[in-house]
Amino acid sequence: QPQARPSRRAAAKAEAARGRANRDDDDDEDADEDDDGDEDEAGEEEETQGEADAAEEEWWGGDWTDDMMIACRFVVRKLMRHRCSSCFLEPVDPVALGLDDYLTVITTPMDLGTVESKIDGNSYATPKELREDVRLVFSNAQRYNPDGDDVHKNAGVMRAAFEEAWREERQKAKVVADKARAREAHRGRGRGRGRGGGTQHPGDER
């Protein structure tokens, strides 16, 4: 028995269904391409951040320069003027505050006043040592004081302020260093020309 031919309406519905399926496939392919693009961008951002972090660590671990000393003093004094700094300006006095277990919990106390004194006394071999002392001020406070305590919260605010201020100063120092290198390179090219490195023209011979 011959198979019945589908009606025009049924054929139209089938065609529409095939069209929707094809569009869905195209959308899936576009979504996959978008995901691949997002992954590539994320990878590039991670690589750029990794290079920046490596340069930052190299700078922190390097020898002191005048620019570094000025930047460090500026950042520490800026922190000491911060609205949340009052608890971190001087060494904690466990006796006066009745904190019998403070020196048991906090084995290496640190405060911003001590950091400033160590800068003035040239006690830091590298900027990295200073950075670790500043971070220690706030990590001590958060270790001893429970989450939710005002001192704990202020320590978090201060830590964030330090990291932001230092990034800004680090960037300024980098710009100054890059300009100095460019000037030195320009002077070097000028000295090379002065030693007879220029082009000799016909008729210049003696």
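**Phe-88 and Phe-138 are both buried.** Buried means a relative accessible area under 20%, exposed means over 50%, and partly exposed covers the values in between, with a 1.4 Å probe and protein chains only. The model is predicted, so that local features need a pLDDT of at least 70 and side-chain atom pairs count only at pLDDT 80 or more, whereas totals for chains, interfaces and linings use all residues. Residues are numbered from 1 along each chain as its sequence is written, and side-chain values use heavy atoms, with hydrogens and water left out. The structure holds 2 aromatic pairs. In the pair formed by Phe-88 and Phe-138, the ring centres are 5.4 Å apart and the planes stand at 80 degrees, so this pair is edge-to-face. Rings of Phe, Tyr and Trp (its six-membered ring) pair if their centres lie within 6.5 Å; planes under 30 degrees apart count as stacked, over 60 as edge-to-face and the rest as tilted. The pair links distant parts of the chain, 50 residues apart: Phe-88 lies in the loop between helix 2 (66–80) and helix 3 (94–97), and Phe-138 in helix 6 (residues 127–144).

**Tyr-102 and Tyr-144 form an edge-to-face aromatic pair.** The two rings are 5.0 Å apart centre to centre, with 65 degrees between their planes. This pair, too, links distant parts of the chain: Tyr-102 belongs to helix 4 (residues 102–105) and Tyr-144 to helix 6, 42 residues apart. Tyr-102 has a relative accessibility of 7% and therefore counts as buried.

**Helix 6 is an element of 18 residues.** From its first C-alpha to its last, helix 6 reaches 26 Å, close to the 26 Å expected at 1.5 Å a residue. The expected span is 1.5 Å times one less than the number of residues in the helix. Buried residues of helix 6 include Pro-127, Leu-130, Arg-131, Asp-133, Val-134 and Leu-136. Val-137, Phe-138, Asn-140 and Ala-141 are also buried in this helix.

**Helix 5 (residues 112–120) packs with helix 6.** The angle between helix 5 and helix 6 is about 165 degrees, and their axes are 9 Å apart. Axes are lines fitted to C-alpha atoms, for helices over the stretch in contact, and angles run from 0 to 180 degrees between N-to-C directions. Helix 5 and helix 6 are therefore roughly antiparallel to each other. Angles under 35 degrees count as roughly parallel, over 145 as roughly antiparallel, 65 to 115 as roughly perpendicular and the rest as oblique. Helix 5 passes helix 6 in a right-handed crossing. A crossing is right-handed if the near helix is turned clockwise from the far one by less than a right angle, and left-handed if anticlockwise.

**Helix 2 packs with helix 5.** Here the angle is about 160 degrees and the axes of helix 2 and helix 5 lie 10 Å apart. Helix 2 is therefore roughly antiparallel to helix 5. The crossing of helix 2 past helix 5 is left-handed.

**Asn-122 lies in the loop between helix 5 and helix 6.** The phi of Asn-122 is near 55 degrees, a positive value in a residue other than glycine. Most residues other than glycine have a negative phi. Asn-122 is exposed, with a relative accessible area of 57%.

**Cys-84 is in no disulfide.** The cysteine sulfur nearest to that of Cys-84 belongs to Cys-87 and is 9.0 Å away. A disulfide is a pair of cysteine sulfur atoms within 2.5 Å, and the structure holds 0 disulfides. Cys-84 is buried at a relative accessible area of 6%, and Cys-72 is buried at 1%. The C-alpha atoms of Cys-84 and Asp-150 are separated by 9.6 Å, although the two residues are 66 apart along the chain. Asp-150 lies in helix 7 (residues 150–197) and counts as exposed at 52% relative accessibility.

**The whole chain has 7 helices and 0 strands.** Helices (H or I, at least four residues) and strands (E, at least two) are DSSP runs, numbered from the N terminus. Of the 206 residues of the chain, 23% count as buried.
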